[in-house]
Amino acid sequence: MNVVKSKREIRELLSNFKRIADYDATGKKYYIVFDDYEREGQWTLMKYDDGSYTIHGKGNTYCDKEEKVVSTEALQKLLWENRKAVNKVIREVNEKALTV
């Protein structure tokens, strides 16, 4: 999977989300966790079987009350603004794939 260098690659990321995501069998969702540098915590981005995405943030000084459903546009904007942290996850997944 390519790192995000353009907005086109964000669409690719979303199309191939299952390739980089872990699966939660209990919640029946795919998810990735990436750093939230702005609030000094982490974002969890989840994709459900129906194709919907939710986001949840958590850190030492905050915790979102619940997952929030995000539109495709809002999701693309969030991923673009946090591409440094998202790229870190993509690189880790790529490295892990090479060692297996």
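1. Terms and basis. A residue is called buried under 20% relative accessible area, exposed over 50% and partly exposed in between, with a 1.4 Å probe and protein chains only. Helices (H or I, at least four residues) and strands (E, at least two) are DSSP runs, numbered from the N terminus. The model is predicted: local features need pLDDT of at least 70, side-chain atom pairs count only at pLDDT 80 or more, and totals for chains, interfaces and linings use all residues. Residues are numbered from 1 along each chain as its sequence is written, and side-chain values use heavy atoms, with hydrogens and water left out.

2. Helix 4. In helix 4, the residues Ala-85, Val-86, Asn-87, Val-89 and Ile-90 are buried. The partners of the buried residues of this helix are helix 1 (7-15), helix 2, strand 2 (29-36) and helix 3 (72-81); contact here means heavy atoms within 4.5 Å. The expected span of a helix is 1.5 Å times one less than its number of residues. For helix 4 (residues 83-99), with 17 residues, that gives 24 Å, and the end C-alpha atoms are 24 Å apart, so the two values agree.

3. Asn-87 belongs to helix 4 and counts as buried because its relative accessibility is 7%. Residues up to four places away in sequence aside, Asn-87 touches Val-3 and Val-4. Ala-97 is also found in helix 4, but at 55% relative accessibility Ala-97 counts as exposed. Between Ala-97 and Ser-15 there are 19 Å in space, C-alpha to C-alpha, and 82 residues in sequence.

4. Pocket. The method uses a 1 Å grid over the protein atoms alone: a cavity is a set of points where a 1.4 Å probe fits but cannot get out, whereas a pocket is an open set with protein on both sides within 12 Å along at least five of seven lines, and lining residues have an atom within 4 Å of a point. Grid points are joined across faces, edges and corners, and a volume is the space filled by probe spheres set on the points. The largest pocket has a volume of about 250 Å³. Its lining consists of 13 residues, of which Ile-20, Asp-22, Val-89, Val-93 and Lys-96 lie nearest the centre. Helix 2, strand 2 and helix 4 are the elements that give two or more residues to this lining. The largest share, 5 residues, comes from helix 4.

5. Aromatic pairs. Rings of Phe, Tyr and Trp (its six-membered ring) pair if their centres lie within 6.5 Å; planes under 30 degrees apart count as stacked, over 60 as edge-to-face and the rest as tilted. The whole structure holds 2 aromatic pairs. In one of them, Phe-17 and Tyr-53 have ring centres 5.6 Å apart and planes at 90 degrees, so the pair is edge-to-face. Phe-17 lies in helix 2 (residues 17-20) and Tyr-53 in strand 4 (residues 53-59), so this pair ties together parts that are 36 residues apart in sequence. Both Phe-17 and Tyr-53 are buried. For Tyr-23 and Tyr-30 the centres are 4.6 Å apart and the planes are at 55 degrees, so that pair is tilted. Tyr-23 is partly exposed, its relative accessible area being 39%.

6. Charges over rings. A charge sits over a ring if NZ of Lys or CZ of Arg is within 6 Å of the ring centre and within 35 degrees of the ring normal. The charged end of Arg-83 sits over the ring of Trp-80, 3.8 Å from the ring centre. For Lys-84 over the ring of Tyr-37, the distance from the charged end to the centre is 5.5 Å.

7. Ile-32. Ile-32 is part of strand 2 and is buried, with a relative accessible area of 4%. Not counting residues up to four places away in sequence, Ile-32 touches Phe-17, Ile-20, Ala-21, Trp-43, Thr-44 and Leu-45.

8. Loops. Lys-28, in the loop between strand 1 (22-24) and strand 2, has a positive phi of about 50 degrees although it is not a glycine. At 51% relative accessibility, Lys-28 counts as exposed. Glu-40, in the loop between strand 2 and strand 3 (41-48), is another residue other than glycine with a positive phi, near 55 degrees. Glu-40 counts as exposed at 67% relative accessibility.
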